[in-house]
Amino acid sequence: MTTVADPADAGAPTADGRQRADGRDVRATAPGGRRRHVGPLLAISPFYVLFAVFGAFPVVFSLYLSFQDWDGIGDMRFVGLKQYGWLLEDSVFWHSVLNTFEIWFLSTVPMLFLALVLAFLLHSQVRFTGAYRVAYFIPNVTSMVAMTVVFGSVFAQTGLANSALRLVGVDGVGWLSSEWGIKLSLSIMIIWRWVGYNALIFLAGLQAIPTEHFEAARVDGANSWQTLFRVVLPQLRPVVVFAAVTSTINGLQIFTESQVLFQSGDVGTTGGPGQEGMTIVLYLWQKAFKEHQFGYGAAMGWLLFAIIAVFTLINWRLVSGSDSEDRSGLARLLRRKGARNGR
């Protein structure tokens with residue numbers, strides 16, 4: 001007896017999933033097949049090409065370069081881990097590390113606190129909130145070189161800062177000539193630049209908190225500061241972690257402020273009197289692009305990467321610690337509100 005093939009089975013693939021009953025390749029004739037991916041891949045390919053050329057390749061090459069002694073023109077000479085050994089014995093490098101951490105602490109901690117307070121005030125019912133948001137974000141998009149020049153005039157010995165201090169009977173401060181004056185000057189510039197940006201980040205997190213949580217705090221008699229620390233911070237923890245981590249990464253890469261503020265005959269490579277404004281990136285720039293020790297600069301860059309990674313991890317663990325107690329406190333507030341409303 002002759003078996004008639006079902007027309008519906010004529011186009012079905014065989015058990016291996018590669019050939020149809022008529023012998024044609026399923027991959028070539030399936031609707032779209034591989035060809036339907038060609039268009040999207042071509043559309044996103046410019047990004048990957050640019051990333052490979054200007055992102056991935058410099059990173060890989062800098063790692064290779066850190067094991068070479070090279071002045072940028074002549075032949076490379078392989079020195080292995082000697083660059084890192086010389087770096088660990090470099091007293092100026094460790095001085096720049098100490099300066100960087102001191103400036104980071106003086107700027108990041110108060111900056112994040114001020115940003116949180118500003119965001120909390122903006123979240124309240126105030127007029128012209130949109131105008132405040134724009135005003136707070138302007139410093140972040142303003143040329144830092146131009147503003148550093150302005151701050152240099154403000155912190156000069158006869159500048160605006162010392163003039164204001166003399167009006168209240170305080171002697172002038174050597175902002176650009178003393179150890180802590182230099183660090184405070186740099187820290188104030190960093191705070192001015194980033195406080196508004198982080199305030200807007202915190203504000204976005206505040207707007208995601210349900211309004212009934214604020215109402216529960218008010219019903220329980222909490223004032224503004226209690227609401228901020230007992231209600232807002234527990235729920236804003238992921239945003240605080242993000243702001244703390246990004247601020248750590250940015251703060252450990254300080255360069256423009258110190259390089260421009262202490263411009264001199266050697267094109268701002270000293271970091272001011274006593275090298276108190278010498279940061280890690282400024283020292284890297286000095287060695288690589290001023291003294292043409294590119295291998296040494298590459299090694300310094302990778303050591304900086306390791307420092308940032310370790311310090312960011314520590315910072316993340318400290319800020320994003322267990323918040324079960326904070327959440328239990330918030331839950332108690334909500335239960336008390338519910339109990340009062342049920343009376």
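**Note on helix packing and salt bridges**

1. In helix α3, Val-59, Ser-62, Leu-63 and Leu-65 meet Phe-294, Gly-295, Ala-298 and Trp-302 of helix α15; contact here means heavy atoms within 4.5 Å. By class, the contact of α3 with α15 has 6 nonpolar, 2 polar and no charged residues. Ala, Val, Leu, Ile, Met, Phe, Trp, Tyr, Cys and Pro count as nonpolar, Asp, Glu, Lys and Arg as charged, and the others, Gly among them, as polar.

2. The model is a predicted one, in which local features need pLDDT of at least 70 and side-chain atom pairs count only at pLDDT 80 or more, while totals for chains, interfaces and linings use all residues. Residues are numbered from 1 along each chain as its sequence is written, and side-chain values use heavy atoms, with hydrogens and water left out.

3. How do α3 and α15 pack? Helix α3 covers residues 38–65 and helix α15 residues 294–319; the angle between them is about 115°, and their axes are 8 Å apart. That angle makes α3 roughly perpendicular to α15. The helices are DSSP runs (H or I, at least four residues), numbered from the N terminus. Axes are lines fitted to C-alpha atoms over the stretch in contact, and angles run from 0 to 180 degrees between N-to-C directions. Angles under 35 degrees count as roughly parallel, over 145 as roughly antiparallel, 65 to 115 as roughly perpendicular and the rest as oblique. The crossing of α3 past α15 is left-handed: a crossing is left-handed if the near helix is turned anticlockwise from the far one by less than a right angle, and right-handed if clockwise.

4. Helix α7 (residues 144–154) packs on helix α9 (residues 179–206) at an angle of about 135°, and their axes are 11 Å apart. This makes α7 oblique to α9. The two helices cross in a right-handed sense. From α7, the residues Met-144, Met-147, Thr-148 and Phe-151 meet Ile-188, Met-189, Trp-192 and Arg-193 of α9. Divided by class, the contact of α7 with α9 has 6 nonpolar residues, 1 polar and 1 charged.

5. Helix α10 (residues 211–219) and helix α11 (residues 224–235) pack at about 155°, with axes 10 Å apart. Is α10 roughly parallel or roughly antiparallel to α11? The angle makes α10 roughly antiparallel to α11, and α10 passes α11 in a right-handed crossing. His-213, Phe-214 and Ala-217 of α10 meet Thr-227, Val-231, Val-232 and Gln-235 of α11. The residues of this contact of α10 with α11 divide into 4 nonpolar, 3 polar and no charged.

6. How many salt bridges are there? The count comes to 5, where a salt bridge is a side-chain nitrogen of Lys or Arg within 4 Å of a carboxyl oxygen of Asp or Glu. One of them joins the side chains of Glu-102 and Lys-183, at 3.4 Å from N to O. Glu-102 lies in helix α5 (residues 91–123) and Lys-183 in helix α9, so this pair ties together parts that are 81 residues apart in sequence. Glu-102 and Lys-183 are both buried; buried means under 20% relative accessible area, exposed over 50%, and partly exposed in between (1.4 Å probe, protein chains only).

7. Lys-183 also forms a salt bridge with Glu-276, the closest N and O atoms being 2.8 Å apart. This pair links distant parts of the chain, with Lys-183 in helix α9 and Glu-276 in the loop between α13 (256–261) and α14 (280–290), 93 residues apart. Lys-183 counts as buried at 0% relative accessibility, and Glu-276 counts as buried at 13%.

8. A further salt bridge is formed by the side chains of Glu-257 and Arg-193 (3.8 Å, N to O). Glu-257 is in helix α13 and Arg-193 in helix α9, so the pair ties together parts that are 64 residues apart in sequence. At 5% relative accessibility, Glu-257 counts as buried. Which residues do shared partners join into one network? Glu-102, Lys-183 and Glu-276 are joined in this way by their salt bridges.

9. Two loop residues have a positive phi. For Gln-275, a residue other than glycine, phi is near 55°. Gln-275 is placed in the loop between α13 and α14 and is partly exposed, with a relative accessible area of 28%. For His-292, also a residue other than glycine, phi is near 60°. His-292 is found in the loop between α14 and α15 and counts as partly exposed at 42% relative accessibility.
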